[in-house]
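Hello,

Here is the structure I promised to pass on. Have a look at it first, and my notes follow below.

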Amino acid sequence: MTPALHEWLRQSPLTGIFLTLLAYRVALSISRRYHGHPLANTVLVGAALLIVSLLALGLSFDEYFRGASFIQFLLGPVTVALAIPLYNNLARLKRSAFAILCSIVVGSIAGVASAVLIAVAFDLPPQIVLSLAPRSATTPIAIGVAEAIGGIPTLAAAFVIVTGIIGAVLARPLLTLLRMNDDVVLGVATGIAAHGIGTARVFQISETAGAFAGLAMGLTGFVTAVVAPLLVHFLLS
């Protein structure tokens with residue numbers, strides 16, 4: 001690669017957009033080739049392809065994100081659009097509203113408590129413990145919570161991504177193993193545990209599961225933002 005071409009790749013916002021779309025397209029083809037196998041998850045494969053591409057091209061994350069930020073901007077409208085399939089399942093939502101709300105509250109508390117207690121059990125440094133606490137919330141909320149309680153925001157964001165990928169890979173196989181094949185259960189469980197990454201995954205399986213995952217993702221973020229500072233203080237005091 002010539003120096004001029006490398007400099008153009010570093011400076012152009014098109015680089016981040018092109019690499020993201022290409023990685024997703026290849027990951028989607030691989031996922032379809034293996035019939036949606038958990039290890040062929042599009043987020044997992046796409047992230048791996050992006051990392052390899054950035055290393056091969058000698059690009060930093062900041063240089064990549066100069067263009068990829070345009071795609072991230074679309075997360076806002078996409079999140080709002082989750083209301084459409086949820087509206088289509090309004091009758092099921094009304095029937096299960098109380099159970100769903102209880103599941104989200106308990107799941108959010110369990111997510112924070114388990115992360116903190118396991119990290120403490122392994123004697124991890126305090127800042128890492130605090131950064132792990134909001135791992136099941138969406139990235140913006142997790143960053144804000146981590147900063148408020150004394151964690152490291154960038155580390156919290158990394159934990160959120162890893163949590164989402166693990167949840168997206170394991171959610172359906174685990175529920176199948178437990179013989180829980182209801183789309184509402186799949187959606188709520190995935191939204192609580194794996195936020196946006198998991199929601200995107202279950203949308204590929206079922207629109208109903210995706211709708212309830214989106215609802216659970218949003219409410220889990222709210223509950224985590226309220227509960228995490230109080231629960232962390234209580235567990236570490």
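A salt bridge here is a side-chain nitrogen of Lys or Arg within 4 Å of a carboxyl oxygen of Asp or Glu. Searching the whole structure turns up one salt bridge. Please keep in mind that this is a predicted model, where local features need pLDDT of at least 70, side-chain atom pairs count only at pLDDT 80 or more, and totals for chains, interfaces and linings use all residues. Residues are numbered from 1 along each chain as its sequence is written, and side-chain values use heavy atoms, with hydrogens and water left out.

The salt bridge joins the side chains of Asp-182 and Arg-92, at 3.5 Å from N to O. Asp-182 sits in the loop between α10 (153–177) and α11 (183–203), while Arg-92 belongs to helix α7 (residues 90–121), so the pair links parts of the chain 90 residues apart (helices are DSSP runs of H or I, at least four residues, numbered from the N terminus). Asp-182 is partly exposed at 33% relative accessibility, and Arg-92 is partly exposed at 27% (partly exposed lies between buried, under 20%, and exposed, over 50%, with a 1.4 Å probe and protein chains only).

Now for the domains. An automatic or database assignment gives domain 1 (3–73) and domain 2 (81–236). Their centres, taken over C-alpha atoms, are 25 Å apart. Nine residues from domain 1 and seven residues from domain 2 make the contact (heavy atoms within 4.5 Å). Across this interface the rule finds zero salt bridges.

Best wishes

Conventions. Helices (H or I, at least four residues) and strands (E, at least two) are DSSP runs, numbered from the N terminus.
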